[in-house]
Amino acid sequence: MENPRNAAEGRRQMFESFYSVIALVFILVACVELCDASTVVDVYRLIQYDISGVPFGSRVASLNHHAGSSLFAPGSDLSRTVVILPLRELNETFVREYIELGKPLGGLLLLLPRIFRLENSETVGGHGDSSDKENMKKLLEDLEQKLIHSSINYAVYFAYEDEDLDTVLADIKKNDAAGQPATATTGGYKLIVSSPTPKKLASPTITNIQGWLPGLKGDGDSNQLPTIAIVASYDTFGAAPGLSVGSDSNGSGVVGLLEIARLFSTLYSNPHTRGKYNLLFGLTSGGPYNYNGTQKWLRSFDQRLRESIDYAICLNSLGSGQNGLWVHVSKPPENAYVKQIFQGLSDVAEELGLKVGLKHKKINVSNPRVAWEHEQFSRLRVTAATVSGLSVAPNLLENTGGFSDNREFVSEEAVVKSVKLVAESLARHIYGQKGKKMDIFADNTSLAVNPCYIRSWLDLLSTTPRVAPFLSKDNPFIMALKKELADHVVEVNLQHDVIDGMFTFYDSTVNTLQIYQVASVTFDLLLLLVLGSYLITLFSFLVITTRGVDDLISLFRRPPSSRKAKSV
Amino acid sequence: MTMFHFFNCAILTFGPHAVYYSATPLSEYDTLGTSVKTAVVYLITALVKLVCLATFLKVSESDSFDPSQEVLKALIGFIDVAGLYFALTQLTHRNISQNHKFQAVGLGWAFADSVLHRLAPLWVGARGLEFTWDYILQGLEANANLMLSLSLAALGSLMWLRKNKPKTLIPIIYACAGIVATMPSITSYLRWGLKWHLPEVVGFQMLTSLTMALISWQLFAACQKPSSA
């Protein structure tokens, strides 16, 4: 009696565990979410930021609509379409209506030409169709400025053109041209970027890297040695933070600073050639935000150090200096110090065959806008000048190294010449060789400016996006800069600080786009109809062949025939 | 709408089996047990085939057609036939006529084949957003496979269960059975050796299965006449 019951119990338990296993398998299977899209692309989002609470940039990150091309009929409703637009198909009306006036749009995917691809930047661009590239650059700059300064409430993404996207776009254009834009009922392509709502970045940090190369203290010298500061800001800002590499603004400045540090470290390593000036190198962050980082760096200085700074040279945009460099100052040109600096630079420039001009821009203390780095020094009563290839002071968030500032457009020779100019004039001042025709960093010597060093660092900078709020404190690039500077100078320090409260940034800068080819609802319904009729035909055929036609008819007329049989 | 597509493909792949069962007199004679037992036999046969394939087959790097490997695969495919033989003869069926026995066995065999080979890809693939024609073609393949299984079961029952057959028809029966049994090898040769695309292969399968079904039907009817006469 016991055994059957135990057996039944055991069997029941086995069934129950079996059912739970089955249920688990079903749940697992239902949760399998494979990415089965026909194309997956890396896309870079338009920046989203606020200035004092005023929103700018694209406020949305996720995307889930049908794709359309630029061949849409004017006036059609695009609020549920994502428009894929290669750069060369951008036209004025589109930009004005959808970007500036804010007409509703499902989303925007801008395709950048292949030559702007970051990976291609290692090869120096050919000179073929350079006017085409110049036009493209101008177009990109304009577009970038418009995008940065508008508030857009749909998602804007950038991607590079490649074969997959080209075929998809060609397909979409064929459909659009035939007057069949993709919607839920007509099939086509669907673009999906799944991303959570972008969150504010809490306290974005800026990191300043400073290097100290002490000068030769003579035996009887009890005074503090004078210091010369060489500064460059290394971070960028652009429409696409994932693509803002800023080769010229300010990659060239960073490269120049590193090369000057290398040259002077060679000189200072030997006590016989060590100059009687300390050298302070500063790689500052927060450049686009009114040189916020420089200000915080200077404020952190010891009073004595600040007073010992003879003058500061700020390096900016050395790569566009083919037509000559400009020295920007905030003290009037008649000032003795300014005269001294400019004289030193122009003497060397004459020998090198470069043109240098002097530009004076007065500081308005009440205006928070800081256009040049030297102005932060001047506000603290330190003589400073900026050496730059730009002749006009840029506006806020202009010339900050967006994606149009590519390796293609930086001239290595210009950077080499500018570095030679600054280094030579500095050296002549330090070693008291003013007015003498002494080539300290002469070519083909061990002290020559090294173009390979400049090229390799320019290449590295041109593949590293460096928007400050997205660089963490221990970002590998910052560590690399620190290590490189440490190779040349005696002491390296990092200073971390927070960006001024005026700017707020949002995350989610790089995402993946999935392009699905979807069939329309009508197709599914049609297929259901066809299959239903097929199964019904099959059923009738089988009934007829195996049981006879009468049986088929009887299936539909069973109730009346049975009643008839009964009545009869 | 993607569950919709999955539903469509599912009824294309599995619908005909259900329709066949309900439309023919099989349902009246309650032959479901036979079909279930045949499905189990198919499962065991598939496992045995897997083990043999894993033991004897070399994994080739390229997608090319290797004749010796294909011959080996065909030989292992004959295990299928052995399994069908087992299902037809050895399983104790209730007293159902031969006519219905082979239909039930064929149906069970084809249903198990469809479920094992086509349900998992369908579930995982047809539910996604991306649209491909693959699953519809797979459903058509399942239909062709149903007809082939039924023909094979019919020929098998003719070969092993029927004792008195007209002498002239015997070689034809064996020849047709041979063709149907080697159909999988022929299909894979077309796909990998001649590099046909999937729609063409499926079309070929449907055509051949129709012809074989017709031929085996005629043969079965021809063998039935003497006993009924």
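At what angle do H4(B) and helix H5 (residues 134-160) of chain B pack, and how far apart are their axes? This report on a predicted model takes up that question after an outline of the two chains.

## Composition of the chains

Chain A contains 15 helices and 19 strands. Of its 568 residues, 51% count as buried. When contacts in chain A with a separation of 6 or more are considered, 82% of them are between residues 24 or more positions apart.

Chain B has eight helices and zero strands, and its pattern along the sequence reads α-α-α-α-α-α-α-α. Buried residues make up 49% of the 229 residues of chain B. Among the contacts in chain B between residues at least 6 apart in sequence, 81% join residues at least 24 apart.

## Helices H4 and H5 of chain B

The opening question can now be answered: H4(B) and H5(B) pack at an angle of about 160°, and their axes are 8 Å apart. Angles over 145 degrees count as roughly antiparallel, and H4(B) and H5(B) are therefore roughly antiparallel to each other. The crossing in which H4(B) passes H5(B) is right-handed.

On the side of H4(B), the contact is made by B:Phe102, B:Gln103, B:Gly106, B:Leu107, B:Trp109, B:Ala110, B:Asp113, B:Ser114, B:Arg118, B:Pro121, B:Leu122 and B:Gly125. H5(B) contributes B:Tyr135, B:Gln138, B:Glu141, B:Ala142, B:Asn145, B:Leu146, B:Ser149, B:Leu150, B:Ala153, B:Ala154 and B:Ser157. By class, the residues of this contact between H4(B) and H5(B) divide into 12 nonpolar, eight polar and three charged.

## Aromatic pairs

Over all chains, the count comes to 18 aromatic pairs. A pair of aromatic rings is described by the distance of the centres and the angle of the planes. For B:Tyr42 and B:Trp109, the ring centres are 4.8 Å apart and the planes stand at 85°, so the pair is edge-to-face. B:Tyr42 belongs to helix H2 (residues 32-56) of chain B and B:Trp109 to helix H4 (residues 98-125) of chain B, so the pair ties together parts that are 67 residues apart in sequence.

Are B:Tyr42 and B:Trp109 buried or exposed? B:Tyr42 is buried, with a relative accessible area of 4%. B:Trp109 is buried as well, with a relative accessible area of 6%. B:Trp109 is also one of the residues through which H4(B) meets H5(B). In chain A, one aromatic cluster is formed by A:Tyr49, A:Phe56, A:Phe237, A:Tyr289, A:Phe503 and A:Phe505.

## Helices H11 and H12 of chain A

Helix H11 (residues 451-461) of chain A and helix H12 (residues 476-488) of chain A have axes that come within 12 Å and cross at roughly 160°. That angle makes H11(A) roughly antiparallel to H12(A). H11(A) passes H12(A) in a left-handed crossing.

From H11(A), the residues A:Tyr453, A:Trp457, A:Leu460 and A:Leu461 meet A:Phe477, A:Ala480, A:Leu481, A:Glu484 and A:His488 in H12(A). The residues of this contact between H11(A) and H12(A) comprise seven nonpolar, one polar and one charged. A:Leu460, which lies in helix H11 of chain A, is partly exposed, with a relative accessible area of 34%. A:Leu460 and A:Arg407 are 53 residues apart along the chain, and their C-alpha atoms are separated by 10.0 Å.

A:Leu267 is placed in helix H5 (residues 247-269) of chain A. The cut-off for a buried residue is under 20% relative accessible area, so A:Leu267, at 8% relative accessibility, counts as buried.

Which residues does A:Leu267 contact, leaving aside its neighbours within four places in sequence? They are A:Thr273, A:Arg274, A:Tyr431, A:Ile440, A:Phe441 and A:Leu447. A:Leu267 and A:Ala427 are 160 residues apart in sequence, while their C-alpha atoms are 9.7 Å apart in space.

## Packing between the chains

Helix H13 (residues 521-547) of chain A packs with helix H1 (residues 2-23) of chain B at an angle of about 5°, with the axes 9 Å apart. H13(A) and H1(B) are therefore roughly parallel to each other. The contact of H13(A) with H1(B) has 18 nonpolar, five polar and two charged residues.

Methods
Residues numbered from 1 in each chain as written. Chains lettered and ligands numbered in written order. Predicted model: local features only at pLDDT ≥ 70, side-chain atom pairs only at ≥ 80, totals over all residues. Heavy atoms only, no water. Axes fitted to C-alpha atoms, helices over the stretch in contact; angles between N-to-C directions. Helix = DSSP H or I, 4+ residues; strand = E, 2+ residues; numbered from the N terminus. Parallel < 35°, antiparallel > 145°, perpendicular 65-115°, else oblique. Left-handed = near helix turned anticlockwise from the far one by under 90°. Contact = heavy atoms within 4.5 Å. Nonpolar A, V, L, I, M, F, W, Y, C, P; charged D, E, K, R; others polar. Phe/Tyr/Trp six-rings, centres within 6.5 Å; stacked < 30°, edge-to-face > 60°. Buried < 20%, exposed > 50% of the residue type's maximum accessible area, 1.4 Å probe, protein only.
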